[in-house]
Amino acid sequence: MRGQRYLNAIRRRLPGGSPAPVEDPTTEPTTWVDTAPSPWDVATGGEQRATAWCNICRWTGTAFEGPQHCEFATCPRCGSIARDRFLFWCFVERTPPSLRTRLLETSPRMGADYRQAMARWFTYTCSDFDERAHAGTVRIDLQAIDRPDASLDVLLTPHVLEHVPETDTALDEITRVLAPGGRMYLQVPVLQGATAPPTEPEFHGDDTPVFWRFGPDLTARLRDHGFTTTLLCTEDWKRRVDAGDQAWGAGTSKEFDVTSLLGGSIAGDLLTVADDATAARLGFVPSYMFLTFEAVKAH
Ligand SMILES: [Zn+2]
């Protein structure tokens with residue numbers, strides 16, 4: 001079935017799917033949470049010079065673990081995969097320093113240390129709907145969010161919206177619960193040039209059904225709900241779309257129809273948040289795997 005390799009890759013990353021990296025207690029603290037600075041602290045010289053740097057736990061090294069040059073390149077300290085680091089990078093790069101802000105994250109992939117760190121920095125709530133792979137502290141259905149109007153400043157929602165049947169209902173609810181000026185960083189698998197339902201039944205790691213395969217046209221859908229929207233990407237992707245590239249020119253992951261994705265991308269919707277050097281250091285390669293929607297509610 002199309003998607004199986006991707007699903008298997010996700011399964012290997014689920015809790016219990018692979019052994020936790022072993023850290024040497026003589027050189028590494030047992031937890032990074034207590035020492036991690038504010039996400040808005042400027043990268044130190046060492047962090048800027050490192051060939052691999054995790055912007056979440058501030059680990060530096062020579063290379064990430066696991067599969068290299070893909071969204072699953074893993075930080076040996078906090079367990080973030082490149083996709084996690086990109087979502088966090090987009091949020092921090094695009095949001096003025098806003099510690100203690102009211103932040104909801106739906107189905108965070110990362111575990112206790114990450115959530116503890118987020119709770120140090122923000123008024124943090126993590127939620128889940130089916131409470132299987134990524135149990136949260138509260139259960140939230142994006143189609144009927146159990147939160148008051150205008151009660152959130154930031155919503156981080158990684159790889160959830162594709163599992164929600166009624167996209168417009170969810171976007172109406174998100175608009176309702178965000179405060180004026182509130183913002184959403186939305187990650188979904190962007191595998192093809194135009195949004196469509198799966199052509200055959202598709203499930204992600206914990207057998208959660210996929211209702212939609214989104215394309216870059218989700219930006220227009222977000223604008224229909226009143227959001228100011230851009231599609232955040234790396235310098236490499238912007239350069240390729242600006243140049244009108246029609247093909248990637250090298251081997252690509254089977255899960256991604258990169259030709260369709262290039263054809264469906266709108267240069268004016270894209271905004272570069274990581275230059276080539278940053279993308280290499282944080283592991284945001286290949287560029288077609290790193291797209292995050294920013295949606296800002298009007299003041
Ligand atoms: Zn890390």
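The following legends describe close-up views of a predicted model. Residues are numbered from 1 along each chain as its sequence is written. Local features require pLDDT of at least 70 and side-chain atom pairs count only at pLDDT 80 or more, whereas totals for chains, interfaces and linings use all residues; side-chain values use heavy atoms, with hydrogens and water left out.

**View 1. Overall content of the protein chain.** The protein chain has nine helices and 10 strands, where helices (H or I, at least four residues) and strands (E, at least two) are DSSP runs numbered from the N terminus. Buried residues, those under 20% relative accessible area with a 1.4 Å probe and protein chains only, make up 55% of the 299 residues. Among contacts (heavy atoms within 4.5 Å) between residues at least 6 apart in sequence, 68% join residues at least 24 apart.

View 2. Eight strands form an open sheet of mixed pairing, in the order 5-4-3-6-7-10-8-9; two strands pair if DSSP finds at least two bridges between them. Strand 5 and strand 9 (270-274) stand at the edges with a single partner strand each, so one side of each has no neighbour in the sheet.

**View 3. Strand 4 between its two partners.** Five of the six residues of strand 4 (residues 123-128) are buried. Strand 4 pairs with strand 3 (residues 102-106) in the parallel sense over five bridges; Leu-104 has Thr-125 as its bridge partner, and Thr-106 has Ser-127. Strand 4 also pairs with strand 5 (residues 138-139) in the parallel sense, over two bridges, and here Ser-127 stands opposite Val-138.

**View 4. The zinc site.** Cys-54, Cys-57, Cys-75 and Cys-78 coordinate the zinc ion through their SG atoms at 2.3 Å; donors are N, O and S atoms within 2.8 Å of the metal (3.2 Å for Na, K and Ca), and because water is not among the atoms, sites may look incomplete. The arrangement is tetrahedral because the four donor atoms subtend angles of 100 to 114 degrees, the criterion being that all angles lie between 85 and 135 degrees. Ideal angles for four tetrahedral donors are 109.5 degrees. Along the chain the donors follow the spacing C-x2-C-x17-C-x2-C. Cys-57, in the loop between strand 1 (52-53) and strand 2 (60-61), and Cys-75, in the loop between strand 2 and helix 3 (82-94), are 18 residues apart. Both Cys-57 and Cys-75 are buried.

**View 5. Asp-84 in helix 3.** Asp-84 is found in helix 3 and is buried, with a relative accessible area of 12%. Not counting residues up to four places away in sequence, Asp-84 touches Ile-56, Gly-79, Arg-109 and Met-110.

**View 6. The largest nonpolar core.** A nonpolar core is a set of buried Ala, Val, Leu, Ile, Met, Phe, Trp, Tyr and Cys residues joined through side-chain atoms within 4.5 Å. Of the 83 residues in the largest one, Trp-32, Met-184 and Trp-237 touch the most other members. Helix 3 supplies the largest share of this core, eight residues. Beyond its neighbours within four places in sequence, Trp-237 is in contact with residues including Trp-248, Val-258, Leu-261 and Tyr-288.

**View 7. Packing of helix 5.** The buried residues of helix 5 (residues 167-177) include Ala-170, Leu-171, Ile-174 and Val-177. Its buried residues pack against strand 6 (152-158), strand 7 (178-187) and helix 6 (218-224).

Technical notes:
Buried means under 20% relative accessible area, exposed over 50%, partly exposed in between (1.4 Å probe, protein chains only). Four donors count as tetrahedral if all angles lie between 85 and 135 degrees; four count as square planar and six as octahedral if opposite donors are over 155 degrees apart and all others between 65 and 115; anything else is irregular.
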